[in-house]
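Subject: Handing over the model

Hello,

Here is the structure I promised you, with the sequence alongside it. My notes on what turned up follow below.

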Amino acid sequence: MSARPPPEKALRPRFWETVKLDQMRQAEWEALCDGCGKCCLNKLEDADTGEIAFTAVSCRLLDTESCQCGNYAIRKQLVPECVVLTPKTLPEIAYWLPRTCAYRRLHEGRGLAGWHPLLSGDPETVHDAGVSVRGLAIPEFAVTEDEWEDYIIDEVP
Ligand code: SF4
Ligand code: SF4
């Protein structure tokens, strides 16, 4: 018999449809991430227009196969520029998150996509749908910063 998780760690049924972002439990908030890895791609900002472009070059801590952070617990210590997404920071940074990002989708009232693991029950569906960085991301250590411009991709924030 398996123990039931304590209530604060439990995901309420279809919580993404019924609970406001700033009222979600920590476990629910974390479960919203679809594991696409797109927010871990390095971005370039046009100094004149403020336009942001994604590159295929990924953060040095990203595992480009699993699309997971290599050390999520202490990521901020290892990569100080990593942006930590919280209900408080989301409204300020949603504009540069990829349009497929579950946090951005819910922030904009668009709901989760059908390939989201919370709906499919399978973490692979985000990769099968072609919306993750698997097969796309190039580790940061393989490319110099001067070359990032050559790796701009179509992903529109
Ligand atoms: S873009 Fe959004 S859904 Fe994708 S890994 Fe980042 S936070 Fe998670
Ligand atoms: S530190 Fe981890 S979560 Fe932050 S950008 Fe890098 S791979 Fe992504």
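Let me begin with the ligands. Ligand 1 has 13 residues around it, and the closest are Cys33, Asp34, Cys36, Cys39 and Cys101. Its shell divides into 9 nonpolar, 2 polar and 2 charged residues.

Before you go further, please keep in mind that this is a predicted model: local features need pLDDT of at least 70, side-chain atom pairs count only at pLDDT 80 or more, and totals for chains, interfaces and linings use all residues. Residues are numbered from 1 along each chain as its sequence is written, while chains are lettered from A and ligands numbered from 1 in the order in which they are written.

Now the overall picture. The chain has 7 helices and 5 strands; helices (H or I, at least four residues) and strands (E, at least two) are DSSP runs, numbered from the N terminus. Along the sequence they follow the pattern α-α-β-β-β-β-α-α-α-α-α-β. The radius of gyration is 16 Å, close to the 15 Å that the globule rule gives for 157 residues, so the chain is as compact as a globular protein of that length. That radius is taken over C-alpha atoms, and the rule is 2.2 Å times the number of residues to the power 0.38. The C-alpha trace spans about 55 × 35 × 30 Å along its principal axes.

Three strands form an open sheet in the order 1-2-5, with mixed pairing; two strands pair if DSSP finds at least two bridges between them. Its edge strands, each pairing on one side only, are strand 1 (41–45) and strand 5 (138–139). Strand 1 and strand 2 pair in the antiparallel sense over 4 bridges, and Glu45 stands opposite Ile52 in strand 2. The hairpin of these two strands has 6 residues between them, and Gly50 there takes a positive phi near 80°.

What about the interior? Buried residues (20 or more other C-beta atoms within 10 Å of their own; exposed means 12 or fewer, partly exposed in between, with C-beta atoms placed from the backbone) make up 20% of the 157 residues.

Finally, two residues to look at by eye. Cys67 has a positive phi near 65° without being a glycine, and it lies in the loop between strand 3 (62–63) and strand 4 (68–69). With 23 C-beta neighbours inside 10 Å, Cys67 counts as buried. Arg14, also not a glycine, has a positive phi of about 45° and lies in the segment before helix 1 (15–18). Arg14 counts as exposed, because it has 11 C-beta neighbours inside 10 Å.

Best wishes

Methods:
A residue is near a molecule or strand if its C-beta atom, placed from the backbone, lies within 6 Å of it. Ala, Val, Leu, Ile, Met, Phe, Trp, Tyr, Cys and Pro count as nonpolar, Asp, Glu, Lys and Arg as charged, and the others, Gly among them, as polar.
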